[in-house]
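Visitor: I would like a close look at a single part of this model, please. Could you pick one spot and walk me through its surroundings?

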Amino acid sequence: AQIAISLVLLACAGMLLRSLWKIQSIPLGLEAEHVVTAEFVLSRQGYSEENRQLQFFDELEARLSKIPGVTSSAISDSLPPSGGTRGRLLASMQVEGQSPFDKGTGGLIMWRYVTPGYFAALGIPMVRGRAFTEEDRAPGVSSMILSQTFAQRLFPNGDAIGQRIKTNAWATVVGVAADVKNLGPMLPSEPEYYILRRHVPDETSRIQEPPTGWRQAKVAIRTSVNANVMAGWIKREFAALDAALPVT
């Protein structure tokens, strides 16, 4: 009886290990090796004004890029594959030259608010076009990037590059990024688009969702330096900006 029970337990353990191995081997659409992440929430008291928030993010972005051993760095409102993305109804969007979407159809489209180094920091390849650049932040320029699944959904018979799409405001598609497992490895890739964080207030930055709005952010850094060492350097840069700010 003991041998029989042991064999059952061993078989279950083997199946569990095999399942875990399969999960770990599922491509996420990004390269997580050599990436250190951090997250924080700016206090409501010290960062209630939008200009103060933007100033903090600008200074943080500049400091992170200058840390020794940093290959690329980015700031975003969320990071895969943990989800947490913001969503917009497809029916509320508009594609230039196409008929409006029927109300109540299309479901929710996820989106992220990112700095130019986002795709390089997470190793997300571009399928078509290019990633964001600093020039996309210039006055009068409005750019966006679509995931491959979303691009195929909107333009099944054509090229997404150069197309104009309205979310909060009109933006031109400059790139199509590979799909990323936004909601974990076991679920299919969801359609997604990316909006560029700017140095000045815009229609996107003015959307304040409770409880933290854009005061909450995440950092991704690709580095050749030991992760523990890099974590200490990252915390040092945060402390230089705001010694009272908790950072994970």
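**Around Phe40**

Guide: Happy to. At 3% relative accessibility, Phe40 falls under the 20% cut-off and therefore counts as buried. Please keep in mind that this is a predicted model.

Let us begin with the rings. A pair of aromatic rings is described by the distance of the centres and the angle of the planes. For Phe40 and Phe56 the centres are 5.7 Å apart and the planes stand at 55 degrees, so this pair is tilted. Phe40 belongs to strand 1 (residues 35–41) and Phe56 to helix 2 (residues 50–65), so the pair ties together parts that are 16 residues apart in sequence. Phe56 is buried, as is Phe40.

Phe40 also pairs with Phe57: here the centres are 6.1 Å apart and the planes at 45 degrees, so this pair is tilted too. Since Phe57 lies in helix 2 and Phe40 in strand 1, the pair ties together parts 17 residues apart in sequence. Phe57 is buried, with a relative accessible area of 5%. Over the face of Phe57 lies Arg197, at 4.5 Å from the ring centre. Together with Tyr47 and Phe238, the residues Phe40, Phe56 and Phe57 form one aromatic cluster. The structure as a whole holds eleven aromatic pairs.

Now for the nonpolar setting. Phe40 is among the residues with the most contacts inside the largest nonpolar core, which has 21 residues; Phe56, Leu60, Val219, Ile234 and Phe238 are the others named for this. At least two residues of this core come from each of strand 1, helix 2, strand 2 (70–76), strand 11 (216–223) and helix 5 (227–241).

In strand 1, Glu39 forms a salt bridge with Lys218 of strand 11 (2.9 Å, N to O), so the pair ties together parts that are 179 residues apart in sequence. Glu39 is partly exposed at 39% relative accessibility, whereas Lys218 is buried at 16%. From helix 2, Glu61 meets Arg137 in a salt bridge (3.1 Å, N to O). Arg137 sits in the loop between strand 6 (126–129) and strand 7 (143–147), 76 residues from Glu61, and both residues are buried.

Definitions and conventions: Residues numbered from 1 in each chain as written. Predicted model: local features only at pLDDT ≥ 70, side-chain atom pairs only at ≥ 80, totals over all residues. Heavy atoms only, no water. Phe/Tyr/Trp six-rings, centres within 6.5 Å; stacked < 30°, edge-to-face > 60°. Helix = DSSP H or I, 4+ residues; strand = E, 2+ residues; numbered from the N terminus. Buried < 20%, exposed > 50% of the residue type's maximum accessible area, 1.4 Å probe, protein only. Lys NZ or Arg CZ within 6 Å of the ring centre and 35° of its normal. Core = buried A, V, L, I, M, F, W, Y, C linked by side-chain atoms within 4.5 Å. Salt bridge = Lys/Arg side-chain N within 4 Å of Asp/Glu carboxyl O.
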